[in-house]
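This report is an introduction for a reader new to the structure. Please look over the sequence and the model first.

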Amino acid sequence: VQLQASGGGMVQAGGSPRLSCVASGSFVSINTMGWYRQAPGKQRDWVARVIRGGVTNYADSVKGRFTISRDNAKNTVSLQMNTLEPDDTAVYYCNVRARLRWTGPEYEYWGPGTLVTVSS
């Protein structure tokens with residue numbers, strides 16, 4: 001499973017960029033799709049996730065500002081980020097849990113990361 005993210009870059013505080021990630025490869029299903037982020041000098045933190053049925057969860061730091069969505073037909077997950085703050089500056093990583101066989105386990109995959117820099 002390969003993940004390719006897009007949409008990062010430099011934005012001003014208060015901006016509203018959108019990240020997208022597409023999964024490709026040989027798999028039979030993707031259950032959870034989500035985003036993590038890693039700020040400079042800090043550990044990687046969970047941001048948001050959406051399960052196949054559409055239920056979403058968010059970290060408290062982004063709740064009410066970020067919206068995660070997925071398109072199961074296109075194997076994509078998006079993260080709409082609103083009202084960005086300098087503290088949102090980080091490398092954002094796409095994350096999925098996919099099943100390669102219907103009777104097999106789920107495996108976790110990571111995208112290469114896309115940098116979002118928020119200037120004040």
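## The sheet

In which sense do E3 and E8 pair, and over how many bridges? The model is predicted, and in it E3 and E8 are antiparallel partners joined by five bridges. One of the contacts between the two strands links Leu19 to its bridge partner in E8, Leu79.

This pairing belongs to an open sheet of four strands, ordered E1-E3-E8-E7 and paired in the antiparallel sense. E1 and E7 are the edge strands, each pairing on one side only. From one strand to the next, the twist averages 15°. Strands of a sheet pair through backbone hydrogen bonds, and the pairing can be parallel or antiparallel.

## Strand E3 and its neighbour E1

E3 also pairs with E1, which runs antiparallel to E3 and is joined to it by five bridges. Among the residue pairs here, Leu3 has Ala23 of E3 as its bridge partner, and Gln4 has Val22 of E3.

In a regular strand the side chains alternate between the two faces of the sheet.

## The disulfide

How many disulfides does a search of the whole structure find? The search finds one. Cys21 and Cys94 form this disulfide, with their sulfur atoms 2.2 Å apart. Cys21 lies in strand E3 and Cys94 in strand E9, so the bond ties together parts that are 73 residues apart in sequence.

The torsion about the S-S bond of Cys21 and Cys94 is about -85°, so the disulfide is left-handed. Are these cysteines buried or exposed? Cys21 has a relative accessibility of 1% and therefore counts as buried. Cys94 is also buried, because its relative accessible area is 1%, where the cut-off for buried is under 20%.

In soluble globular proteins, nonpolar side chains tend to be buried together. The largest nonpolar core in this model has 30 residues, and Trp35, Leu79 and Tyr92 touch the most other members. Strands that each supply at least two residues of this core include E1 (2–6), E3 (18–24), E7 (66–71) and E8 (76–81). E4 (29–38), E5 (44–50), E9 (90–99) and E11 (114–119) also each supply at least two. E9 gives the most to this core, with five residues.

Technical notes: Residues numbered from 1 in each chain as written. Predicted model: local features only at pLDDT ≥ 70, side-chain atom pairs only at ≥ 80, totals over all residues. Heavy atoms only, no water. Core = buried A, V, L, I, M, F, W, Y, C linked by side-chain atoms within 4.5 Å. Buried < 20%, exposed > 50% of the residue type's maximum accessible area, 1.4 Å probe, protein only. Pairing = 2+ DSSP bridges. Axes fitted to C-alpha atoms, helices over the stretch in contact; angles between N-to-C directions. Disulfide = S-S within 2.5 Å.
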